[in-house]
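Here's a quick briefing to read alongside the structure. Take a look at the chains first, then work through the points below.

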Amino acid sequence: MIGVLRMQQACKRKVWTQISIALMAALWMVNAQAELLIKVTEGRVDAVPIAVVPFDGAQNAPEDVSQIVQADLHRSGQFKPLPPEDMLSRPRNEQEMIYRDFKVLGTEYVITGSMKAQETGGYEVSYALFDVARQKKLMSETYRPPESQLRDVAHAISDRIYEQLTGIPGAFSTKILYVTHNRHDANPYQLQYADADGHRVTTILRSKEPIMSPTWSPDGRKIAYVSFEDQGRPAIYIHSLATTEREKVSSFSGINGAPDWSPDGQKLALTLSRDGNPEIYMLNLSTKGLTRLTNNYGIDTEPRWLPDGEHLVFTSSRSGGPQIYKLNINDKSVRRVSFQGAYNARSDVTPDGRYLVYVHRRNGNFNVGVQDLQRGTFNIVTRTDMDESPSVAPNGSMVIYGTQHGGTGVLEAVSIDGRVKVELPSKEGEVREPAWSPFL
Amino acid sequence: MRSLLNPLFAIVLAAALAACSSTPTEDDTSATDNMSQQTDTSPVTPVEPSEPVKPDTSSIPLTADNFYNHPSNYDGTTDSRVIYFAFDSNTVPAAAFETLRAHATYLKNNANAKIRLEGHADERGTREYNVALSERRSKAVEKFLRVQGVASSQLEIVSYGEEKPAAFGHGEMDWAKNRRVEINYLSGRP
């Protein structure tokens, strides 16, 4: 833990670069919803220098794909894009590539491309990735999307480049689901989702009463959440994003909370207090059969499935304050997992099952901590206060979480190793409870 | 500060003890048989010295630490609809006993009246865990009322956690105002 703190201090050379993508896009967005602005507050000192040459024809297109790709790679914290004004040449393709113009600037990889409007409508978007040291083209592709899908193509290109250079699939084409709260609004509570870069906000539900604990189905087509819309009483709903059809799946007396989908999509883990105090249950979504999994006088809540589909982690007060426990759903045996400090709660799990990410209280501050289940180590990866609801990206690279800036709820993301930090401040109201989608 | 706090506790404790003597036992199954109990509160009441003079509590400074148990938050009638709690606690504060007894009496006398106990937590900690904590507060108030003889059919519990704050700031005093159970009359409002 101390080692990581030292490392963070060594990272003081922060990359205080504000990306202007959100501003640029705002000019074109017909959708007038509050977008999330994204700011990289801390990048890795060893971030790879890269150059995304402005794509030929991008200035006349409704979305600048090269700008979006550059912003995506920057936001990962693992790449340090060269500002276009510093480029000595701006090649449009392999023929125009002059490697030494980038080599002298220390740039390791160059991306070129073009955007051409098609007579039939839509665009032809081509790009190529070059390795400066080896003076070699690594990959090139062409897409022909309709105009409405230019942002999707840009994120797909970012995913391809990220995977080519890091060996890890990119998560730029994913979405973030979250709750907003603006108490001056007629419907203060809203459930929304947006692209992982904060653009293209869609509102799923507006309510006068609280909305909580949104979560994705494993196939990314449905979401589950808690809504108090029915006379102020909590119920769990399953909501299909494509059809907007929804189903109330749990409305027992007492708490109906903390839904989490099993990896096979067949079951929902949830918290109910219908039998007296909060316990973890498993709801079979096809048979509607309910199985009680915990039986303890303490609080049991916030279940999360492990990738094996055989275990859950959850928060329990059975030893006093909240701690993380692991439950075997077959024999219902329970084992304590977290041991540092007096408050550990609301865990999420990386897709490989290796790391647990949860809220840890230290000196009255609530931070996000990462526990390595293989090595048994525990590191605090945030330095804000009031951090909550950590949610891991489907490629395991980043954790998005809610925190407060100047008393307002905002979202931030941090890499699992704590070395990269990204802010996603909202323009208005509070944003909270982010849930990162699976690969879509 | 501490020297000021102690007299306050002495006062509310005295009030609480006086109150307790007229309450049924903690066995709340006895509280379920209804109307007949309404009239028999007086025989159990011990000989009281005289009408107790309400202590002047205006000099006790209201702080975030004593907010939950401060007499100024409770007027002893059904007009008081919010019960506050100490940090990380689900103990009904002694200063609220008289107010809760007033609600209990009203509910027992008005079988059509129904209340919802809406539990809340301050913003610290995780959201679903706070829902669970706030449920414990509602249940503590529910138990108090049941012991007084209120029928379970007149009581409902909803737990909001930190989702519906009463104060929107982020300081100790805001948190003190948010750790609460609100008594919401769904029908038969006094």
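Residues 1-33 of chain A are the stretch to handle with care: pLDDT stays under 50 there, and the model has 39 contacts beyond four places in sequence for them. This is a predicted model, and where pLDDT is low, the predicted coordinates should not be read in detail. Chain A as a whole averages a pLDDT of 90, with 90% of its residues scoring at least 70.

**Two domains in chain A**

- Where they touch, domain 1 of chain A puts in 6 residues and domain 2 of chain A puts in 8 residues.
- On the domain 1 side of that contact, the elements giving two or more residues are helix H3 (65-75) and helix H5 (150-166) of chain A.
- H3(A) gives the most to that side, with 3 residues.
- Sorted by class, the domain 1 side has 1 nonpolar, 2 polar and 3 charged residues.

**A closer look at H3 of chain A**

- How many of the residues of H3(A) are buried? The count is 11 of its 11 residues, and the helix is mostly covered.
- Among those buried residues are A:Val65, A:Ile68, A:Leu73 and A:Arg75.
- Just after H3(A) comes A:Gly77, which takes a positive phi of about 75°.

**Where chains A and B meet**

- The contact draws 17 residues from chain B and 27 residues from chain A.
- On the chain B side, helix H4 (127-147) and strand E3 (155-161) of chain B are the elements that give two or more residues.
- H4(B) supplies the largest share of that side, 6 residues.
- By class, the chain B side divides into 7 nonpolar, 4 polar and 6 charged residues.
- H4(B) lies across E18 and E19 of chain A, and its direction makes an angle of about 155° with E18(A).

**The sheet under that helix**

- E18 and E19 belong to an open sheet of 4 strands in chain A, ordered E18-E19-E20-E21, with antiparallel pairing.
- Which strands sit at the edges? They are strand E18 (300-305) and strand E21 (334-336) of chain A, each pairing on one side only.
- From one strand to the next, the twist averages 30°.
- E18(A) and strand E19 (residues 311-316) of chain A run antiparallel and are joined by 4 bridges.
- For A:Asp300, the bridge partner in E19(A) is A:Ser316.

- A:Ser213 is not a glycine, yet it has a positive phi of about 50°.
- You'll find A:Ser213 in strand E10 (residues 211-216) of chain A.
- Is A:Ser213 buried or exposed? A:Ser213 counts as buried because it has 25 C-beta neighbours inside 10 Å, and the cut-off for buried is 20 or more.
- B:Asp88 isn't a glycine either, and it has a positive phi of about 60°.
- B:Asp88 is placed in the loop between strand E1 (82-84) and helix H3 (97-109) of chain B.
- With 12 C-beta neighbours inside 10 Å, B:Asp88 counts as exposed, since the cut-off for exposed is 12 or fewer.

Conventions. Residues numbered from 1 in each chain as written. Chains lettered and ligands numbered in written order. Predicted model: local features only at pLDDT ≥ 70, side-chain atom pairs only at ≥ 80, totals over all residues. Contact = placed C-beta atoms within 7 Å. Nonpolar A, V, L, I, M, F, W, Y, C, P; charged D, E, K, R; others polar. pLDDT = per-residue confidence, 0-100. Pairing = 2+ DSSP bridges. Axes fitted to C-alpha atoms, helices over the stretch in contact; angles between N-to-C directions.
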